[in-house]
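Here is a friendly walk through a few features worth looking up in your viewer. Please keep the sequence and the model open side by side as you read.

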Amino acid sequence: MGDYLIYTDAAKCIACHSCEVACKAKNNVPEGATLGKIVVLGPRLINGQPRMSSLFVPCFHCEDAWCMNACPVDAIRKRNEDGLVYILQELCVGCKACILACPWHIPQWDADAGKAMKCDLCMDRIDEGQEPACVAACPTNALQFGEPAQLSHKAREEYGLSLLKRNPAK
Amino acid sequence: MRKKIYTLCFMCSVRCPIAVVVEDDKIVSIEGNPHVPAMKGVCPKGAAAVGWLNDPQRVRSPMIRTGPRGSGQWKKVSWDEALDYTADRCKEIFAKYGSKSAVYCERVNLVTDISKTFLKAIGSPNYFSHDTICKGSVNTACRTVIGYTDGQISADWSNARHVILYGRNVFESMEVKATNALLDAMAKGAKVTSVDPRVSITAAKSDQYMMIRPGTDLALNYALMHVIIKEHLYDVKYVNRWVEGFDKLSAFVDPYTPEWAETETGIPAKDIIRLAREASQAKPAVIFHYGYRASHHPTEIYFRRSLIMLNALMGSIESPGGIFIKKGPKDAGLKAGIRKFSEQQFPAMEETRRFDGCGEEKFPIADTAHGVGAMFPSAVLNEDPYPIKVLFAFRFDPLYSNFDFQQSLRALKKLDLIVSCDINFGGTTSLADVILPESLFLERSDPLQMGAGLKPAVNRRIACVRPGFDTKPMWWILKQLAQRMGVGEYFPYETIEDIWNYQLADMGIPIADFEQKGFVSLSDKAIWWDREDGIKFKTPSGKIEFVSSLLEDNGFPSFPPYEALETPEDRFRLIVGRCVAHTNVMTQNNLYLNELVPENTLWINEKRAEALGIKDGERVEIESDTGKGQIRAFVTDMIHPEAVFMLHGFGHQEPESRRSYQRGVADAMIQDPIMDKVGGSPALDHTLVRVKKAV
Ligand code: SF4
Ligand code: SF4
């Protein structure tokens, strides 16, 4: 995901889809298309109790991006500073090569404009020092945005502290 | 220039505090108000609010109907024309039938004080709110036990150690603050038990789920009380100090053993015993949530009473982690609260008897502040107690909210004048004579809100952008109407600032104080009353009344024997509920929310479906004594075999609202006209239905 990561805390996610709706509202995404998508499994029975879990799937901003490589008119670019992959709308000719090339078909079709569109992790917001719209909207903080190292530090720290609290020094 | 504005959402009645970023009169983003810690974000309805801003399917200007009711034939008119027309028609009708012939219904909101002022000024006693249909019996039940309404109490989710929910779908009804408070408690180790005939998202996130036979929650509670009393699991000190009638309850629940409840509820006796013990271990940080929007049956008031009584047995009322009584400005040390327009002196009404019999012989103990809305159609059709001719339906749609849609439709068609104030074309609005379109909450400022709670605060909604269409705020509309009806003097304001200053006159808070955070806090610390001696219960005895004077003085028993519930083998009990994407019957046509959940389906147990030859996704016919409809089946093992479930609020028939037009089935079409005659709620989960493959 470029230099960033969006992490879904399934324990906190309540499958409300605010992330999806906020993304659509912010990016003016037409009906039928979804840039960031929350994928929900369940409820289904696990050991006799109903359970569900979820994962937010935006664009991954691949290092060697299939979509970018496939675009015949170089409409897809990658930012040097943080590796975000985005579409230059004015150059897109609507051939849909990126949609086909992406292993997860993540670029979306904007039927109104006749062009492809995709998640750019709200790079305008990132440039203003804000989190992507999906993350900011999530009402439970189930989505966390950051750099991989920072998320890893945070998670390990939390885990370590919980162990220490459970087994304090004698 | 970019601005961040702190205001209150109104995509649902919760009114979460939000932060709206605006640039050049356009909304850039809507997020939670960062000054309120639990407001980590917004629900999908809040996120979807912008979908309404420039939606051409909204009511874009005042309208007067030109064709037959519901024909969709409208004339676009100016505000003056619409208001003059409304006032003239009212004057004409009132001259003949009196102003009592007007009924005013609304979704309770920041303008409610002005709505009530309007009704008092024109001289009609007839008001009902959406609350009466959603939670009338919860309100009555709470008053019979502790003297407060359900709106005057709340749950201290974040400190709870065990929360027991009866269909209360916390995570799908989604008050952002409560959702986070409960999730935080769970992260700290609180246990959540969900009792529900259907697996909601809340149930799937709970520690334990108990699938209960629909309609038998009261049996479960009597057995829980039986175990709690027999095993001395209750808070003895608290009960001795605060409870009246404990011995009566003990004797009453004695025959209701867990083994008896097992046959009634389908929940194994050992699980009932375990739940009683587990809850007791966590006491007093236990919440038996009194709930709403689930389990509406004819004996609902006794079910809700049993929940409040369980909290009392746990000693959890006015205990951290339990239920608390909301505190207001006086509790925070202020001399006065918000001044109300409806408390001015009004001329005496020529008729004080109400259309619904609320507070009178028919419903002596239902709350007159909300009325008994379920009675509206029959009052109109039978002209009982007198003819009703005018309906003001202000951002509330009684047609899809009550049982027996066809009866409601006949009643609406019988009226001489329907005045609707709405954002979009809802059911009642599309039948109206005149539509006075309200501005969206992002486009209007409203009267201040007194937010009672552990930390009382005054909250403000302020306009973020200019109205995109020719719409107005309701406080303006009501004053304009009142002036034209000769009673303008009760509306001593021109601007919203005048209203705010009037409201704050006795509080000494300057309006500028709202700029920084959108609210003014009246207390920095949570106000708890002393559990030993300081709880001010508002019952006649000042105690928690298991034997209720409110009930008994009005001829109702406190402990009527439990009546077993039969469901014939070829039938199902239709239960209804909400999803996170929609508010009642109001949001189904919103651009984004319609895409998220465009129609409802019928949840049906896989074994029953198999026996009926119904496959997942197939169209089925659902039929009750009242009505029928066709809907897609959702075949699942996540619902009790005796129940079928559908979301409330679909099946819209308004051609103007094109996205939601004829999507799904209206539960109102199927629900039988049965109600809780003591509490005042319609029994919306009690209807028996047949289901078969559609032909
Ligand atoms: S669209 Fe697909 S290929 Fe392109 S960067 Fe995103 S995930 Fe990678
Ligand atoms: S907004 Fe947050 S809680 Fe809601 S679905 Fe998305 S990740 Fe889950």
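## A pair within one helix

In helix α2 of chain B (residues 79–97), B:Asp88 and B:Lys91 sit three residues apart, about one turn of the helix. Helices here are DSSP runs of H or I with at least four residues, strands are runs of E with at least two, and both are numbered from the N terminus. B:Asp88 forms a salt bridge with B:Lys91, and their closest N and O atoms are 4.0 Å apart. The term salt bridge stands for a side-chain nitrogen of Lys or Arg within 4 Å of a carboxyl oxygen of Asp or Glu.

B:Asp88 is partly exposed at 42% relative accessibility, and B:Lys91 is partly exposed at 43%. For these labels, buried means under 20% relative accessible area, exposed over 50%, and partly exposed in between (1.4 Å probe, protein chains only).

## How to read the model

This is a predicted model, in which local features need pLDDT of at least 70 and side-chain atom pairs count only at pLDDT 80 or more, while totals for chains, interfaces and linings use all residues. Residues are numbered from 1 along each chain as its sequence is written, chains are lettered from A and ligands numbered from 1 in the order in which they are written, and side-chain values use heavy atoms, leaving out hydrogens and water.

## Other salt bridges

Over all chains, the structure holds 50 salt bridges. One of them joins the side chains of A:Lys24 and B:Glu595 (2.4 Å, N to O). This pair crosses between chains, from helix α1 of chain A (residues 18–27) to helix α21 of chain B (residues 591–596). A:Lys24 is buried at 5% relative accessibility, whereas B:Glu595 is partly exposed at 26%.

Within chain B, the side chains of B:Lys414 and B:Glu383 meet in a salt bridge (2.8 Å, N to O). B:Lys414 belongs to helix α16 (residues 405–414) and B:Glu383 to the loop between α14 (376–382) and β15 (390–394), so the pair ties together parts that are 31 residues apart in sequence.

## A helix with buried residues

Which residues of helix α19 in chain B are buried? In this helix (residues 496–504), they are B:Ile496, B:Ile499, B:Trp500, B:Tyr502, B:Gln503 and B:Leu504. Their cover includes α3 (112–122) and α18 (474–484) of chain B, with contact taken as heavy atoms within 4.5 Å.
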